[in-house]
Amino acid sequence: MALKASELKVGDTYEEEVCRNLSRTQIVMYAGASGDYNPLHSDEIFTTQIAGYPSVFAHGMLSMGMTGKMLTNYVGDGRLKAFGVRFTSQVFPGATLTAKATVTGIREENGEKIVDLDVSTTNEEGVEVVKGTASARVD
Amino acid sequence: MAADKFPIEAGHIMMFARSVGDANNIYYDEDYAKTTEPGAIIAPPTFVQASAQFDPDYFLRPKIGQEWFGSAKGPTGITQRSGGGGGGGGGGGLHAEQHYVYHRTPTVGDVLTATTKPGKSWEKEGRRGGKLMFSESVTEYRDQKGELVVTATSVGVRTERPATAKE
């Protein structure tokens with residue numbers, strides 16, 4: 001399941017649809033599991049009337065968590081060395097997100113083979129919602 | 001995020017994996033997990049964020065006997081105006097960036113501690129939200145032996161206006 005350095009090259013890509021038609025209930029599931037109960041993510045009345053947003057929206061960390069699922073499916077379990085992102089656009093209910101990893105480098109560090117990746121998650125309109133990088137140990 | 005004891009528990013990982021839509025059996029089935037390279041149920045990459053559950057003072061969780069700023073009878077449960085507020089408000093702004101460095105993978109049975117220090121802060125003029133005020137915090141997750149497991153750097157942003165306007 002793990003990637004092999006000898007079979008990777010710069011420019012290789014891997015992508016997955018990580019959610020389809022995001023439901024408010026899934027956002028609530030994330031609030032419950034993560035412990036972030038900010039009403040901006042589950043309380044339509046507060047979010048529209050007090051905070052002034054068009055609707056509740058997903059936790060950035062939910063988008064990052066779904067992006068992380070793509071990464072572990074690609075690089076294997078327990079292989080990530082680093083994963084960092086910027087939240088570049090808000091994700092609203094109904095979103096369909098596709099997460100993509102692109103190989104930017106293959107190197108050795110402290111006797112381990114490492115792949116460096118650019119990470120990008122886009123919504124159904126092609127708007128990037130998560131942008132970042134990751135590194136993982138490969139065989 | 002500060003927690004004296006953040007136990008890495010199988011039931012919590014199952015709920016977290018479901019919430020991010022991750023069907024990988026390593027998060028659900030101990031017998032399967034034993035056959036994998038890590039050899040046990042492990043935490044998904046962003047799981048340490050759930051240490052919020054073990055932070056007694058985490059401000060985005062309603063507390064017993066205290067007012068909560070989300071809606072109740074009215075659109076907010078806060079009856080006394082506490083100043084501030086403003087656009088993008090509600091819960092201390094938005095999450096701008098999150099970075100993890102994994103020294104090893106947290107595994108069921110670990111009991112981590114989380115200690116947070118403030119990092120840099122800076123300002124920027126945004127396209128949608130007006131003036132943006134960024135601040136960084138760095139959380140170290142250490143295991144029962146005191147060894148570093150995950151370093152998490154979070155960047156929060158306060159905006160003058162909601163980052164996405166109502167139609």
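In the hairpin of β4(A) and β5(A), five residues sit between the strands, and one of them, G126(A), takes a positive phi near 85 degrees. Strands here, like helices, are DSSP runs numbered from the N terminus, with at least two residues of type E for a strand and at least four of type H or I for a helix. The model is a predicted one, so to speak of local features takes a pLDDT of at least 70 and side-chain atom pairs count only at pLDDT 80 or more, while totals for chains, interfaces and linings use all residues. Residues are numbered from 1 along each chain as its sequence is written, chains are lettered from A and ligands numbered from 1 in the order in which they are written, and side-chain values use heavy atoms, with hydrogens and water left out.

V115(A) has A136(A) in β5(A) as its bridge partner. In general, strands of a sheet pair through backbone hydrogen bonds, either parallel or antiparallel.

The hairpin of β3(A) and β4(A) has two residues between the strands, and N110(A) is where the phi turns positive, near 50 degrees. That is a positive value in a residue other than glycine. N110(A) lies in the loop between β3 and β4 of chain A and, at 76% relative accessibility, counts as exposed; the cut-offs are over 50% relative accessible area for exposed, under 20% for buried and in between for partly exposed, with a 1.4 Å probe and protein chains only. N21(A) also has a positive phi near 50 degrees without being a glycine. This residue sits in the loop between β1 and α1 of chain A, and its 54% relative accessibility makes N21(A) exposed as well.

Zooming out, these strands belong to an open sheet of 10 strands, paired antiparallel, in the order β1(A)-β3(A)-β4(A)-β5(A)-β2(A)-β2(B)-β5(B)-β4(B)-β3(B)-β1(B). The edges are held by β1 (13–19) of chain A and β1 (3–7) of chain B, each with a single partner strand, so one side of each has no neighbour in the sheet. From one strand to the next, the twist averages 25 degrees.

As for chain A on its own, there are three helices and five strands, running β-α-α-α-β-β-β-β from the N terminus on. Its C-alpha atoms fill a box of roughly 55 × 30 × 20 Å along the principal axes. Of the 139 residues in chain A, 56% are buried. The chain exposes about 5,500 Å², with carbon and sulfur atoms supplying 45% of it; accessible areas come from the Shrake-Rupley method with a 1.4 Å probe, and for residues only the protein chains shown count as cover. Among contacts in chain A with a separation of 6 or more, 66% come from residues 24 or more positions apart, a contact being heavy atoms within 4.5 Å.

The helices come next. Helix α3 (residues 60–75) of chain A lies across β1, β2 (80–87), β3, β4 and β5 (128–138) of chain A together with β2 (94–102) of chain B, at about 145 degrees to β2(A). Axes are lines fitted to C-alpha atoms, for helices over the stretch in contact, and angles run from 0 to 180 degrees between N-to-C directions. Helix α1 (residues 24–34) of chain A and α3(A) have axes that come within 10 Å and cross at roughly 95 degrees. That makes α1(A) roughly perpendicular to α3(A), a label for 65 to 115 degrees, with under 35 roughly parallel, over 145 roughly antiparallel and the rest oblique. Q26(A), I27(A) and Y30(A) of α1(A) make the contact with M61(A), L62(A) and M66(A) of α3(A).

Y30(A) turns up again in one aromatic cluster with F6(B), F16(B), F47(B), F54(B) and Y141(B).

Key. Two strands pair if DSSP finds at least two bridges between them. Rings of Phe, Tyr and Trp (its six-membered ring) pair if their centres lie within 6.5 Å; planes under 30 degrees apart count as stacked, over 60 as edge-to-face and the rest as tilted.
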